[in-house]
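Please open the structure in your viewer and keep the selection panel at hand. Each stop on this tour says what to select and what is to be found there.

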Amino acid sequence: MDKIRINGGRPLQGSVKVSGAKNAALPLLAATILAPGTYTLHNVPDLRDTRTMLMLLQTLGASWERSGGSLRINTSELTGAEAPYEMVKTMRASVLVLGPLLTRAGCARVSLPGGCAIGARPINFHLRGFEQLGATTHLASGYVEARVEGELTGNSISFDIPSVTGTENVLMASVKAKGITIIRNAAKEPEVGNLIDMLTAMGAKIEGQDTDCLTVTGVNSLQATEATIIPDRIEAGTYAIAVGATGGELEITDCDPSHLPVLMEKLRSTGMSIEAKASSIIASCPVNVQGTSCPLQAVDITTMPFPGFPTDLQAQFMALMVQCKGTSIIHETIFENRFMHVAELQRLGAKISIDGATAIVNGIDRNKLIGAPIMATDLRASASLVVAGLVASGVTEISRIYHLERGYENMVDKLRRVGAAIEQFAG
Ligand code: EPZ
């Protein structure tokens, strides 16, 4: 099993290119099921999760070929409507094939994703949305089976919580439903907007993009199309946080700063310089007369649905707060168990206490973090451990980095190119 070894304490300096967004690529890949034909998707990141989704599409009868960052996917012949447990257990976003299969084939059988390290991750909002569109769903031996006799029928659907994949799944089940579907308390994440752009290009009629109320007018047919995945805002935010932790300056290119409004404000509040350009962010730390990075100021965050502070950047931000002046209160409101990185950060010397959904981080000096062997537990926690390892003096070895490979394209290489002493090895 591969590990990452980091010799910390070096500033980051240079330019990092952001890849396509994992959390946009997954729904857009699932959307290729909706109508038969050949699709071209650009800027698709080559990740463990996108490879899993492509394997799932292949299981359903699709074929695909990659040429650089572009994929050509042919879904003309669908031979199945089942997502097997072996696949779904490695990536819960496999549930995103439920909506498209209901629209395309009138039925779907998908293994229940089960929980993961960060929480129970139920899909009750997805299933209730399908039922409100006229489908029947039932759970049998760990699988959810959804079926509709005849056509799906538009309805008014309200989410208790603005679920991102719930919104995406119900959207994909509503685009050919008879009549009008209104989705209230819909998620407004940029990745949902990317899906809406693709569905519109396929012939769907959707109003309310980027708002919490989507109105879908069912259409009779959809066509295969070409689409481009938006930049990964979580990857971009991770590198901006990393340079705050290590000191130095990074130009983070091929990103969309408008997707990170709160993160940029929070980083400015620490004392970092954050310059937003059309498609890049320049993030840097002030240096003192000795040329070393000035200590940053701790700030509080509360994770919220977009445009609030993203829960997917909470762990990484905590790794920055660990070595800021003062105390940071971090409140996690989206998932019930998203502090798995705390125990590992404490192994490096971090001073953190947890009170329910709140972490209290007592900042220590940058040079007080000491490298040690630590273990990744989930995707964003592993990114948090990399940030901390870049700062800790001495050697930090991170195990179970397959978590990292799910959502960060070539992270070790990208960090090495901007000065990090980092390597991946078979451990
Ligand atoms: C998406 O997950 C992302 N994944 C997550 O990113 C992200 O953390 C999350 O949205 C929140 O932004 C993808 O887009 C593939 P939710 P999703 O449904 O859709 C509860 C990463 O690291 N809920 O918005 O599964 C749920 O338990 C991953 O890239 C229900 O109760 O999240 C959570 O508390 C991690 N019932 C809250 O809603 C449901 O049917 C928000 O979850 C659905 C959700």
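This is a predicted model: local features need pLDDT of at least 70, side-chain atom pairs count only at pLDDT 80 or more; totals for chains, interfaces and linings use all residues.

Residues are numbered from 1 along each chain as its sequence is written, and side-chain values use heavy atoms, with hydrogens and water left out.

**The two domains**

Colour residues 2-18 + 231-426 as domain 1 and residues 22-228 as domain 2; these bounds come from an automatic or database domain assignment. The C-alpha centres of the two domains lie 31 Å apart, and their contact (heavy atoms within 4.5 Å) takes 23 residues from domain 1 and 20 residues from domain 2. About 1,800 Å² is buried between them, with carbon and sulfur atoms giving 51% of that area; buried area is the accessible area (1.4 Å probe) that two parts lose on being put together, summed over both. Now select Phe306, Arg406 and Glu409, which supply 33% of the area that domain 1 buries against domain 2, more than any other three residues.

**Helices α5 and α6**

Next select α5 (residues 124-132) and α6 (residues 164-174), whose axes come within 9 Å and cross at roughly 20°. Axes here are lines fitted to C-alpha atoms, for helices over the stretch in contact, with angles from 0 to 180 degrees between N-to-C directions, and helices are DSSP runs (H or I, at least four residues), as strands are (E, at least two), numbered from the N terminus. The two helices are therefore roughly parallel, a term for angles under 35 degrees. Show the side chains of Phe125, His126, Gly129 and Phe130 in α5, which meet Thr165, Gly166, Asn169, Val170 and Ala173 in α6.

**Helices α11 and α12**

Move on to α11 (residues 340-347) and α12 (residues 379-391), where the axes come within 9 Å and cross at roughly 20°, which makes α11 roughly parallel to α12. Here His341, Glu344 and Leu345 in α11 meet Ala381, Ser384, Leu385 and Ala388 in α12.

**Two backbone stops**

Most residues other than glycine have a negative phi, and most peptide bonds are trans. Return to Phe306, which a cis peptide bond with omega of about 10° joins to Pro307, a residue in the loop between β18 (301-302) and α10 (314-321). Finally, select Asp254, a residue other than glycine whose phi is positive, near 55°, in the loop between β15 (248-253) and α9 (261-270).

Definitions and conventions
Angles under 35 degrees count as roughly parallel, over 145 as roughly antiparallel, 65 to 115 as roughly perpendicular and the rest as oblique.
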